[in-house]
Amino acid sequence: MFDAVINNISYLMGGYWVTIKLAFFALAGGIPLGILVGLGRISHNKWVYYPVTLYVNVIRNIPLILVIFWFYFVMPIIIGSPLDPFPSAVISFIIFEATYFGEIIRAGYQSVSKGQIEAGYSTGLTYIQTTRYILIPIALRRMLPSMITQSIVTYQDTCLAFVIGLPEFVRRATIVDTLEVRSIQLFGFVAIIFLITCYIASTISRRFEIKEQEGG
Amino acid sequence: MIQIRNMSKWYGNFQVLKDINEEIKEGQTVVVCGPSGSGKSTLLRCINALEPFQKGEIIVDGQSLTDPKTNKYEFRTEIGMVFQRFELYPHMTALQNITLAPMKVRKKSRKEAEEHAMRLLERVGIPEKAHEYPANLSGGQQQRVAIARSLAMEPKIMMFDEPTSALDPEMIKEVLEVMTGLCKGGMTMIVVTHEMGFAREVADEIIFMDEGSIIERGTDISFFQNPKSPRTKDFLDKILI
Amino acid sequence: MGLAYEFDWSVLWRNPYGMYLVQGIWVTIKMGLIGWAIALFLGVIIGTMRISPWRWLRFLGGAYVELFRNIPFLVQLFFWYYAGPMLFGASLEKSINSIIGLNYYVAIIALGMYTASRVAEHTRAGFSSISRDHYNAALSTGLNHPQMYRYVIIPYALRIIIPTLTTEFLTIFKNSSIAMTIGVLETTFMSYKIDSETFHGLESTTGACLIYLALGLAVVGLMGILESRLKIPGMIGR
Ligand SMILES: Nc1ncnc2c1ncn2[C@@H]1O[C@H](COP(=O)(O)OP(=O)(O)OP(=O)(O)O)[C@@H](O)[C@H]1O
Ligand SMILES: [Mg+2]
C-alpha cells in the first residue's frame, strides 16, 4: 500500500528536514525584517515611509515563485559568483514574507485605540511606559493569531523552492515518483504530512483567538 | 393582551427561563430588570417567536404561540421590537429601513409606505434624517429610526431590549422621551431597562428577574421602597447608586 | 565586484520572446478568470454550508476548508496532475492522460478548488460577523426568512465580503504562476523559458514582475471603477 513511501522513507524525510530548515530560516529572518517593515509603515518620516511602502506594495503584487527566480538570477550578479539554491531561496523567502509580517504588525499597531493610549497617559505613565505596558502588549495579543497563520503559510510556501531545484520535501517526492510511479501514495504522503502539521498549528492559533475574545 | 403561563425554556441542559408567569393588559407598560444573564433578552425573544420554548404557553392578543396554526411571521408583525445595538440595516437609508417591511410584508405602495415613514420620523423627531445612512447618524438618532421602523408595522405591542444601554447620557434622554410618548399614547410595552427614573415615571409594573425566574414584582413605589428579597435589594442598590 | 553581466533587455520584446510573454499573459488572465468563477461558485456554497443549521453540512464544509487550506497548493497541483488520473483506474487513466492540454485544465480546476476554500472562509466570516439581533430585527418586523436573507442579510454580508474578495481575486492571478511547475505556458513559465533560451533570466523575470504589477494595478483600477459605478451605499470599510 505504502511501499514506495516506506522504501524511500529516509530519503523523503531528509527532504522534509530541508523544508523545516527552510521554514526556520525564512521565519528567523522574515519576522525581524517584518518588524522593521511594520515600523517603517507606521513611521511619520516620509524618507522611511515611502520607500518601505513601495517595497511592500511591489513585493505583495508579485508571485512568490517569481521572487524566488529573480533572486536566483540576481544574486550571482551581486556577489560575483554562483550562489547555492538554499541561501538564494532563504533570501527570497525573507524578503517576501517580511512584507506580509510587516502588514500584520502595522494592523496590530493600528488596532490599539487612541483612547487606550490616552488612558495610559492620563494615569501618569510616560511615553515609554505607555508603549511598553499598554501599546505593545495589546498590539501583540491582537496580532498573534495572524502571525501564527502567516508562519503556517510561510512553512507551506517553502515548497516553492522546488522550482530552483532545491531537494526539499516535494522535490524528493517527485524524484521518487519518476522512478517508482506511485503518485497517489507519494503525493498523498506529502499532503498528509502538511495537512497534519498545519492543522495542529492552526488549531493552536485559533486557541489564541478565542482567548483574545474572552479577554474582551 | 399578553399571557405567559408556566413557561420554561432550555438551551441544551441549561434552563434559561424557569416557570415564568405574567399577564400584561392592553395599554400597560411593564419594565423588566435584573442582572446580566438572568434571561431578560431570552424572554423577549420567546414572546416574539424568535426562540422556541419547551414548556408552558404564551398567548398574545388571543393567539397562542404553541398553537401550530399560528403563523409566526404574521404573529411577529403584531409586536415591534427594538434592540440594544439598534440593528439598522447599514445598506439602507433611514427611510428605506422603515419602509422595507411595510412594502414587502404588507405590500404597501412605495408612496404610501414613505408617507407613513415620514410621519413616524416626525414623531421620533428626526424627519430631516430620512435620507441619511445609519453610519451618518448618532446613536440616539439610530435608535429613534429603529423605533420608527418597528412602529411602521403598526404593532399592538412594543418590546425594548435595553434600548439605551449603548447610548451616551444626552442621547438616552431623547430616546426615553420618544418611549414615554408612546406609553402615554396607550401602547402596550415591555421594556428591559435599568433606567429607574423612566421605570418610576411610566411603569405599571416592574418585574425583577434573576437566574431565569421572576423573583419580584410590584407597582413602582412598593418595588423600590421595600424589596422582598435580598438579591433585589443588592441589585437596586447598585443601579440606583 | 560583479560578474561581467551584459544586460539585454530586448529579450522582453525581440522575436519570438515578446510573443512568448504575450501568450503567457493571456494564459495567466484566462486561468485567473476561469479559476475565479469556479472559486466563487464553490466557495459561496461551501461558506454557506459552514453556517447552515445542519450539522452534517457544517462538518462537510469545514472538512473541505481544512483540507484545502492546510496543504500547499503546489502539492495539491501535483496530486491532481500526477495522481488524479490514476484514481480513475488503469483503463481510464490512459485516455485521461492523453487529453491535450490536460495540465492546463487540471491547473484551472485545482486553482479554483483551492481558492474556493479561501472564498468560503471569507463568506463564513462575513455572515457570522452579523449579530443575531440583526436577524431578529428583520424577523421582528414580520419579514419571512427568504425576505430576511434577500433584503437584509445578504446585502449586508456582501458589503463585508466584497472587499476581502477583491484581495482574493488579486491573489488568484499570483497563485496561477505555480501552474508553471506542471508546464502550463503562463507568464512565469514563459519568463523561465526565455531564460533557458537566452540566459537572460534576470531581464525576463524582471519583465514578468512588471507584468504582474501591471495586472494587479489593472485589477485594482477595474474594481475601483466597478465600485464607483455600483455606488454601493453604506459600504463598510474603505
Ligand atoms: N443561543 C444560546 N445558547 C445557549 N445559551 C444561551 C444562548 N443565548 C443566551 N444564552 C444564555 O442564556 C442566559 C440568559 O441570556 P439573556 O441574553 O437572556 O440574558 P439577559 O438577561 O438579557 O442578560 P444581559 O443583561 O447581559 O443582556 C445566559 O446565561 C446566556 O449565556
Ligand atoms: Mg440581554
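At what angle do the axes of helix α4 and helix α5 of chain A cross, and within what distance do they come?

Modeller: The model is predicted. In chain A, the axes of helix α4 (residues 64–79) and helix α5 (residues 85–110) cross at roughly 130 degrees and come within 9 Å. An angle over 145 degrees would count as roughly antiparallel, and one of 65 to 115 as roughly perpendicular.

From α4(A) come A:L64, A:V67, A:I68, A:F71, A:Y72 and A:M75. On the side of α5(A) they meet A:P85, A:S88, A:I91, A:S92, A:F93, A:I95, A:F96 and A:E97. Sorted by class, the residues of this contact are 11 nonpolar, 2 polar and 1 charged.

The C-alpha trace of chain A spans about 70 × 45 × 25 Å along its principal axes.

A helix pair in chain C can be set beside this one. Helix α1 (residues 17–49) and helix α8 (residues 187–198) of chain C pack with their axes 7 Å apart, at an angle of about 160 degrees. That angle makes α1(C) roughly antiparallel to α8(C). The crossing of α1(C) and α8(C) is right-handed. Among the residues in contact are C:Y17, C:Y20 and C:L21 of α1(C), and C:M190, C:I194 and C:E197 of α8(C). By class, the contact of α1(C) with α8(C) has 6 nonpolar, 6 polar and 2 charged residues.

Next, the chains together. There are 2 pairs of chains in contact, and of these chains A and C share the most contacts. Chain A and chain B are joined by no contact, and their closest C-alpha atoms lie 16 Å apart. Chain C does meet chain B, in a contact that takes 22 residues from chain C and 25 residues from chain B. The size of an interface is often given as the accessible area lost when the parts come together. For chain C and chain B the buried area is about 2100 Å², with 60% of it on carbon and sulfur atoms. On the chain C side, C:S140, C:T141 and C:Y151 lose the most area to chain B, together 26% of what that side buries.

Chain B contains a sheet. Its 6 strands form an open sheet with mixed pairing, in the order β6-β7-β8-β3-β9-β10. β6 (79–82) and β10 (213–218) of chain B stand at the edges with a single partner strand each, so one side of each has no neighbour in the sheet. From one strand to the next the twist averages 20 degrees. Within the sheet, β3 (residues 29–33) and β9 (residues 205–210) of chain B pair in the parallel sense over 4 bridges. In that pairing B:V30 stands opposite B:E205. Helix α1 (residues 40–47) of chain B packs on the sheet, touching β3, β6, β7, β8 and β9. Helix α6 (residues 169–184) of chain B also packs on the sheet and touches β3, β7 and β8. The direction of α6(B) makes about 150 degrees with that of β8(B).

Conventions:
Residues numbered from 1 in each chain as written. Chains lettered and ligands numbered in written order. Predicted model: local features only at pLDDT ≥ 70, side-chain atom pairs only at ≥ 80, totals over all residues. Heavy atoms only, no water. Pairing = 2+ DSSP bridges. Helix = DSSP H or I, 4+ residues; strand = E, 2+ residues; numbered from the N terminus. Axes fitted to C-alpha atoms, helices over the stretch in contact; angles between N-to-C directions. Contact = heavy atoms within 4.5 Å. Nonpolar A, V, L, I, M, F, W, Y, C, P; charged D, E, K, R; others polar. Buried area = accessible area lost by both parts, 1.4 Å probe. Parallel < 35°, antiparallel > 145°, perpendicular 65-115°, else oblique. Left-handed = near helix turned anticlockwise from the far one by under 90°.
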